[in-house]
Amino acid sequence: MQYIYFKNVIYSLIAVLLSFTCICIYYFGRYARNYLRTTENLGRFARAHRWKPLTVQTFKSFLAIFFNMGIVRKTSIEEYWNSMLPSQLSSWFKTVSSRNTFQNILKFLHVADYRRLADRQHPAYDPAARFKPLLTFINRMFQRFLIPNQELCVDETLVSARGHSIMRQYIPTKAAKFGIKFWMLCEAATGYVIRMMIYRGRQFDPTPRGELQGTHVVETLLRETSLFNKGYHVFCDSYFTSLNLASRLLTRNTYVTGTLRKNRPMPRTIQQADPQAGTAIYMRQRDVLCVAYKDEVGKKPVRMLSTLLPAQDLQTGRPNIIHQYNRYMGAVDSSDAVMSAYSCVRRNKKVWKKVVLHLFHRIMMNAYILYKNNTTDRVVSRLKFIQMVIEDLAGVQPDAQVARPRPRRCHVDFLPQRKEKDCCVCSSRARGGIRRRSRTACTLCRRGLHRECIRLHHCIEM
């Protein structure tokens, strides 16, 4: 059952890349031919001259090498094909594909028709147009393969990029600091990404007048995934949570729990509350519950809102709202941390290309979550899962190894009729040394052998 479902996962989500690539193979070749025709001063021995028409198997080999680079870390791409020094040899990469083929695919990688893209001065210019077809396609596939649990999580993530782009954002709380921001809708329990929405900046994604951006983002994500009026429970942080969002989601049979900022509208009792350490102050108006809680002396109180959870304290004295929030809120950050362990992040001048490669890793992460949630047998680790996908994509059959017979271990046995023989290990009679007799002999070569001399005996079977 495990192997069958594992193969199904490979030929479902991983096949998303391959099926979309079949559509984009034409774009690869068109851009490569145009590059060779229009680029001036291209060297005689330039790598681009070795471009060959792309096939599905060639791109599968490219994906296998790309994912394996996240496991086998080296300083540069060229080092994976380094054969000058035996200590740096990685023969698998050379077996799957040549270095020129891999770097040519990486150079000419396109997932949209570049000839139909609008110029920057054109009113219809879209800075995300170079990767938007792939993003739209995988969003549709992500939603197709999973019916999420009731608890959902909305948060932001940052794809590290320092190249020039009008979409680049600065978030000091993130590890990357600079990059392309995505709004994420995830299943809270597993971190499975249901939908990713690019934020292109205030100029291209303005917030409707009189509406908070967090409210607009949450409603857009839920509306585009058709999750309204199904009783889902959304967890989000203080950037998204507000009384306005709570009331608007309640009208669509959707619930929300999250932290509140002090400068947002809320009951004055909660806004000005300063409870003692370990105590909570609750206020309710119909279905909306607000709470202020201070964990320790010297800390600021935390203010929270929920439209589903009751005003209940746990045995530890902490409100149930805070316990549920801590349990379900960190899905996006946890998914990013886990994904970064086996991701291949390299410097690239083209920001959109870094986003495309990030989407490849996101597909792999979602595929593993599907495999783990639907496997009845023993679940393999994420590292083992990626390695199995790499082997399947590469399609390289290992050389058949000649089975060598395992050497038989010798033992000692007593000689018949209390006979004795010279020990073949410790007796040195032939050299005029001390003669040592043994009543035991090797069971293979039948020479005399003490039991304590077995480890030093090199047996030659007679």
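Reader: Where is the place of aspartate 155?

Author: This is a predicted model. In the model, aspartate 155 sits in strand S1, residues 151-160.

Reader: Why is aspartate 155 called buried?

Author: Its relative accessibility is 7%. Buried means under 20%. Aspartate 155 therefore counts as buried.

Reader: Which residues is aspartate 155 in contact with, leaving aside its neighbours within four places in sequence?

Author: Aspartate 155 is in contact with Phe182, Trp183, Met184, Asp237, Phe240, Met329, Val332 and Asp333. Glycine 214 is 59 residues away in sequence, and its C-alpha is 9.7 Å from that of aspartate 155.

Reader: What does the whole chain hold, in helices and strands?

Author: The protein chain has 12 helices and 13 strands. Of its 462 residues, 48% count as buried. Among contacts with a separation of 6 or more, 61% join residues 24 or more positions apart.

Reader: How do you know that the span of H11 agrees with its number of residues?

Author: H11 covers residues 351-373, which is 23 residues.

Reader: What makes H11 mostly covered?

Author: In H11, 21 of the 23 residues are buried.

Reader: Which residues have the most contacts inside the largest nonpolar core?

Author: They are Met69, Phe131, Ile180, Phe182, Leu222 and Phe360. This core has 109 residues. H11 gives the largest share of it, 15 residues. A second core is separate and has eight residues, including Cys410, Cys423, Leu444 and Cys453. In soluble globular proteins, nonpolar side chains tend to be buried together.

Reader: Why are H5 and H11 called roughly parallel?

Author: H5 is the helix of residues 132-144, and it packs with H11 at an angle of about 10 degrees. Angles under 35 degrees count as roughly parallel. H5 and H11 are therefore roughly parallel to each other. Their axes are 11 Å apart.

Reader: Which residues of H5 and H11 meet?

Author: From H5 come Leu134, Leu135, Ile138 and Phe142. From H11 come Val356, Leu359, Phe360, Arg362, Ile363 and Asn366. By class, this contact has eight nonpolar, one polar and one charged residues.

Reader: Why are H2 and H4 called roughly perpendicular?

Author: The axes of H2 (residues 56-69) and H4 (residues 99-107) cross at roughly 90 degrees. The label covers 65 to 115 degrees. H2 and H4 are therefore roughly perpendicular to each other. Their axes come within 10 Å.

Reader: Which residues make the contact of H2 with H4?

Author: H2 brings Thr58, Phe59, Phe62, Ile65, Phe66 and Met69. H4 brings Thr101, Phe102, Ile105 and Leu106. Eight of these residues are nonpolar, two are polar and none is charged.

Reader: Is alanine 273 buried or exposed?

Author: Alanine 273 has 8% relative accessibility. The limit for buried is under 20%. Alanine 273 therefore counts as buried. Its place is the loop between helix H8 (268-271) and strand S7 (280-285). Leaving aside neighbours within four places in sequence, alanine 273 is in contact with Ile281, Ala292, Pro301 and Arg303. Tyrosine 293 is 20 residues along the chain from alanine 273, with 8.6 Å between their C-alpha atoms.

Reader: Why does asparagine 253 count as partly exposed?

Author: Its relative accessibility is 34%. Buried is under 20%, exposed is over 50%, and partly exposed lies in between. Asparagine 253 therefore counts as partly exposed. It lies in the loop between helix H7 (243-250) and strand S6 (255-259).

Reader: What is the phi of asparagine 253?

Author: The phi of asparagine 253 is positive, about 55 degrees, although the residue is not a glycine. Most residues other than glycine have a negative phi. Serine 226 also has a positive phi, near 55 degrees. Serine 226 lies in the loop between helix H6 (213-224) and strand S5 (233-236). Its relative accessible area is 45%, so serine 226 is partly exposed.

Reader: Which residues of H12 are buried?

Author: They are Arg382, Phe385, Ile386, Val389, Ile390, Asp392, Leu393 and Ala394. Just after H12, glycine 395 takes a positive phi of about 70 degrees.

Notes:
Residues are numbered from 1 along each chain as its sequence is written. This is a predicted model: local features need pLDDT of at least 70, side-chain atom pairs count only at pLDDT 80 or more; totals for chains, interfaces and linings use all residues. Side-chain values use heavy atoms; hydrogens and water are left out. Helices (H or I, at least four residues) and strands (E, at least two) are DSSP runs, numbered from the N terminus. The expected span of a helix is 1.5 Å times one less than its number of residues. Buried means under 20% relative accessible area, exposed over 50%, partly exposed in between (1.4 Å probe, protein chains only). A nonpolar core is a set of buried Ala, Val, Leu, Ile, Met, Phe, Trp, Tyr and Cys residues joined through side-chain atoms within 4.5 Å. Axes are lines fitted to C-alpha atoms, for helices over the stretch in contact, and angles run from 0 to 180 degrees between N-to-C directions. Angles under 35 degrees count as roughly parallel, over 145 as roughly antiparallel, 65 to 115 as roughly perpendicular and the rest as oblique. Contact means heavy atoms within 4.5 Å. Ala, Val, Leu, Ile, Met, Phe, Trp, Tyr, Cys and Pro count as nonpolar, Asp, Glu, Lys and Arg as charged, and the others, Gly among them, as polar.
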